[in-house]
Amino acid sequence: MSETAITGISQPPIHMRREGFDPVAELAELRDTERVARVHTPFGLDAWMVTRHDDVREVLSDSVRFSNAQMLTVRSALPGLEGMDEAEIRRRQAGNPLSFDPPEHTRLRRLLTPEFTLRRMRRLEPRIVEIVDEHLDAMQRGGPPADLIAEFALPIPSLVICELLGVPYSDRAEFQHRTNQLLDLSVAVPERMRLAEESRAYFAELVAREQADPGEAMLGMLVREHGQEISTDELIGIASILLIAGHETTSNMLGLGSLALLRHPDQLARMRDDPDAVEPAVEELLRWLSIVHSGTFKLTTTEVEIGGVRVGEGEVVMCALAAANRDPAALPEPDRLDISRGAIGHLAFGHGVHHCLGAPLARMEMRTAFPALLRRFPGLAEVPGTAGFRSFHAVYGLTSLQVTW
Amino acid sequence: MSGRVHLYADREVCIGAGLCVLADGRVFDQDDEGIVVLVEERPTGGEGVQKAVRNCPSGALRLSED
């Protein structure tokens, strides 16, 4: 398979390149010198890459000048989507808040926000605790060594989001594999298009079942309370984005985060033994790991100046979140992991109206899972040489990590 | 900065991220729809309140010195 022929590039673009936990040195250098740079992206497009913390916040705060919805006009020129007319593309974007700007975005987002309030998360907490304990029990029964990714990091968020949405957990092997492939940018575009079709068919069936007999979970609730105002296409879109976003991200935080703690044993001990250390530790891990390389791309709707660079109308702008989260102008010694300083203000969940909807859920899961893991296995240790880092994926993470205790 | 400040929350703009509640849970709350509720409209302008306003993702929060 020739990556160059199909994706147009032979290696990940600079904002996606990592060495272990860290963005590559060239990215930091770009941030500290050029500030805004022209790069080639995985979608065969050239984009302006914004790297500094304050510049990224400015871009993400301004959905008028930096539009999500307008990006779809560009995508329709790209391989894979060229066969579709505008109506078909719009159908496929229905229900995905990331495809819209206010006011269409606002309507969609507000339908979902009540499901992710802090209060709602607190109600969910006992069930998350149960799910975490069940998986730790299974690890303990199986005895060391264990693959932390397969037995802890991946299944926990998967089960939680399935329960939240009303997706049968028995389907997880199927959708987990598909989602993983969909976000794997080294997979050829035609294959990912085929997977997207399969995924859509799966969610269409799920939605049809809920419409016939609404269950108690979120999808059923949306059908029952908003069935008149949300189209079937929107329900399919909502189910898709929440399921994909709901497990592919938190799972990578649990995996990479565990490895980061194992490699910083003094901080691991604090997170394990001091309940007050947990909340800031989660925020600092979010910042330091920045697993989502960039948010959605934006298209400028007018000529803009960002980071001292003049960008024309109709140009693609992309935010390098890992670079921004390690901007020395934003905090001292940004490349150091220091769980005692973790504060809100990082950009791991983005910023602006598209700020991660699932952030409260992700935080709740991490606040529960990390300490539980560390307390259950106080002797937890990495098996050297078994940590596999993803190389070319929309979300950074580990493919495997063997641990003993 | 411990003088009182006047807080403004635009409930139409708020996306319910809840960062303000994380920053200062005595001053900010969310209603059942997830939208911001000001528990105190004229709190003392402590670090938490400053952080909440600065980090609000949607820009729904503003403050002015009293």
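This is a predicted model: local features need pLDDT of at least 70, side-chain atom pairs count only at pLDDT 80 or more; totals for chains, interfaces and linings use all residues.
Where the chains meet, 25 residues of chain B are in contact with 19 residues of chain A. About 1,800 Å² is buried between the two chains.

**The interface overall**
- Carbon and sulfur atoms give 54% of the area buried between chain B and chain A.
- Between the two chains you'll find two salt bridges.
- One salt bridge pairs B:D32 with A:R119, and their closest N and O atoms are 3.2 Å apart.
- There are also 10 residue pairs in polar contact between chain B and chain A, counting pairs with both residues at pLDDT 80 or more.

**Chain B's side of it**
- Three elements of chain B give two or more residues to the side that touches chain A: α1 (19–23), β2 (28–30) and α2 (47–55).
- Of these, α1(B) gives the most, with four residues.
- By residue type, the side of chain B that touches chain A splits into 11 nonpolar, six polar and eight charged.

**A closer look at A:R287**
- A:R287 sits in helix α16 of chain A, which runs over residues 275–289.
- Is A:R287 buried or exposed? A:R287 counts as buried because its relative accessibility is 5%, and the cut-off for buried is under 20%.
- A polar atom of the A:R287 side chain lies 3.2 Å from the backbone oxygen of A:R336.
- Leaving aside neighbours within four places in sequence, A:R287 is in contact with several residues, including A:N325, A:L331, A:P334, A:R341 and A:H346.

Key: Residues are numbered from 1 along each chain as its sequence is written. Chains are lettered from A and ligands numbered from 1 in the order in which they are written. Side-chain values use heavy atoms; hydrogens and water are left out. Contact means heavy atoms within 4.5 Å. Buried area is the accessible area (1.4 Å probe) that two parts lose on being put together, summed over both. A salt bridge is a side-chain nitrogen of Lys or Arg within 4 Å of a carboxyl oxygen of Asp or Glu. A polar contact is a pair of N or O atoms within 3.5 Å; within protein, one must be able to donate a hydrogen and the other to accept it, and residues adjacent in sequence count only if both atoms are side-chain atoms. Ala, Val, Leu, Ile, Met, Phe, Trp, Tyr, Cys and Pro count as nonpolar, Asp, Glu, Lys and Arg as charged, and the others, Gly among them, as polar. Buried means under 20% relative accessible area, exposed over 50%, partly exposed in between (1.4 Å probe, protein chains only).
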